Amino acid sequence: MTNFKCSLDILNECIPVFEMLKDRQRQQILVHLTEKGPLTVNEIVELSDLSRPAISHHLKLLLQSDLVTFDKIGTQRIYKAVLQPSILKLQELVDSLQRDL
C-alpha cells in the first residue's frame, strides 16, 4: 500500500500540469512556442485566432504553472516553453505506477 501512496503523491504533484494542458488554447500556445521558439505576445496572437487579452491570460496561467518563462527585452516579453521539468515529473509518475503493478 505504501507504493500506491507514493504514486498518489506524485499524481497530485502532476495535477497542475494536467489542468493547464486540458485547455486547447494553452495546448496551442505551447505548440507554437515549442515549434517556433521564443515568441512575443504579438507573435503568438498572429499565430492564433485568440485576442491579445486571451493570449495574455493563458500565458499568465502557464507562467504560474512553470510551463513557460519569459525574458524581458525593452518593453517586450519574449515567452518560451519550459517543458522539461514537467516531463520529468510525468515520467516519475509513470515509473512509479509501473512499479506498483
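Q: Ile29, buried or exposed?
A: Buried. The model is a predicted one, and in it Ile29 has a relative accessible area of 2%.

Q: Which helix is Ile29 in?
A: Ile29 belongs to helix α2.

Q: What does Ile29 touch, beyond residues up to four places away in sequence?
A: Ile44, Ile55, His58, Leu59 and Leu62.

Q: And how far is Ile29 from Leu39, C-alpha to C-alpha?
A: Their C-alpha atoms are separated by 10.0 Å. Along the chain the two are ten residues apart.

Q: OK, the core. How many residues are in the largest nonpolar one?
A: It has 14 residues. Those with the most contacts inside it are Ile29, Leu33, Ile44, Leu59 and Leu62.

Q: Which elements give two or more residues to this core?
A: Three helices: α2 (24–36), α3 (41–47) and α4 (52–64).

Q: Where does the largest share come from?
A: From α4, with four residues.

Q: What about Leu59, which residues does that one touch?
A: Setting aside residues up to four places away in sequence, Leu59 touches Ile29, Val41, Ile44, Val68 and Tyr79.

Q: Switching to the sheet. What's the strand order?
A: β1-β3-β2. The sheet is open, has three strands and pairs antiparallel.

Q: Which strands are at the edges?
A: β1 (39–40) and β2, since each pairs on one side only.

Q: How many bridges between β2 and β3?
A: Six, in the antiparallel sense. Strand β3 covers residues 76–81.

Q: Which helices sit on the sheet, and at what angles?
A: α2 lies across β1, β2 and β3, and runs at about 90° to β3. α4 also packs on the sheet, touching β2 and β3. The direction of α4 makes about 115° with that of β2.

Q: Back to the strands. What stands opposite Phe70?
A: Tyr79, in β3.

Q: How many aromatic pairs are there?
A: One aromatic pair. The rings are those of Phe70 and Tyr79, with centres 5.6 Å apart.

Q: Stacked, edge-to-face or tilted, and why?
A: Tilted, because the planes of Phe70 and Tyr79 are at 50°. Stacked would need planes under 30 degrees apart, and edge-to-face over 60.

Q: How exposed are the two partners, Phe70 and Tyr79?
A: Phe70 is partly exposed, with a relative accessible area of 27%. Tyr79 is buried, at 5%.

Q: What charged end sits over the Phe70 ring?
A: That of Arg77, 4.0 Å from the ring centre.

Q: Now backbone. What's the phi of Asp66?
A: Positive, about 60°, although Asp66 is not a glycine. Most residues other than glycine have a negative phi.

Q: Where is Asp66?
A: In the loop between α4 and β2 (68–73).

Q: Is Asp66 buried or exposed?
A: Exposed, at 55% relative accessibility.

Q: Last one, up at α1. Ser7, buried or exposed?
A: Buried, at 4% relative accessibility. Ser7 lies in helix α1, residues 2–21.

Q: Which residues is Ser7 in contact with, leaving aside its neighbours within four places in sequence?
A: Leu93, Ser96, Leu97 and Asp100.

Note on methods: Residues numbered from 1 in each chain as written. Predicted model: local features only at pLDDT ≥ 70, side-chain atom pairs only at ≥ 80, totals over all residues. Heavy atoms only, no water. Phe/Tyr/Trp six-rings, centres within 6.5 Å; stacked < 30°, edge-to-face > 60°. Buried < 20%, exposed > 50% of the residue type's maximum accessible area, 1.4 Å probe, protein only. Lys NZ or Arg CZ within 6 Å of the ring centre and 35° of its normal. Core = buried A, V, L, I, M, F, W, Y, C linked by side-chain atoms within 4.5 Å. Contact = heavy atoms within 4.5 Å. Pairing = 2+ DSSP bridges. Axes fitted to C-alpha atoms, helices over the stretch in contact; angles between N-to-C directions.
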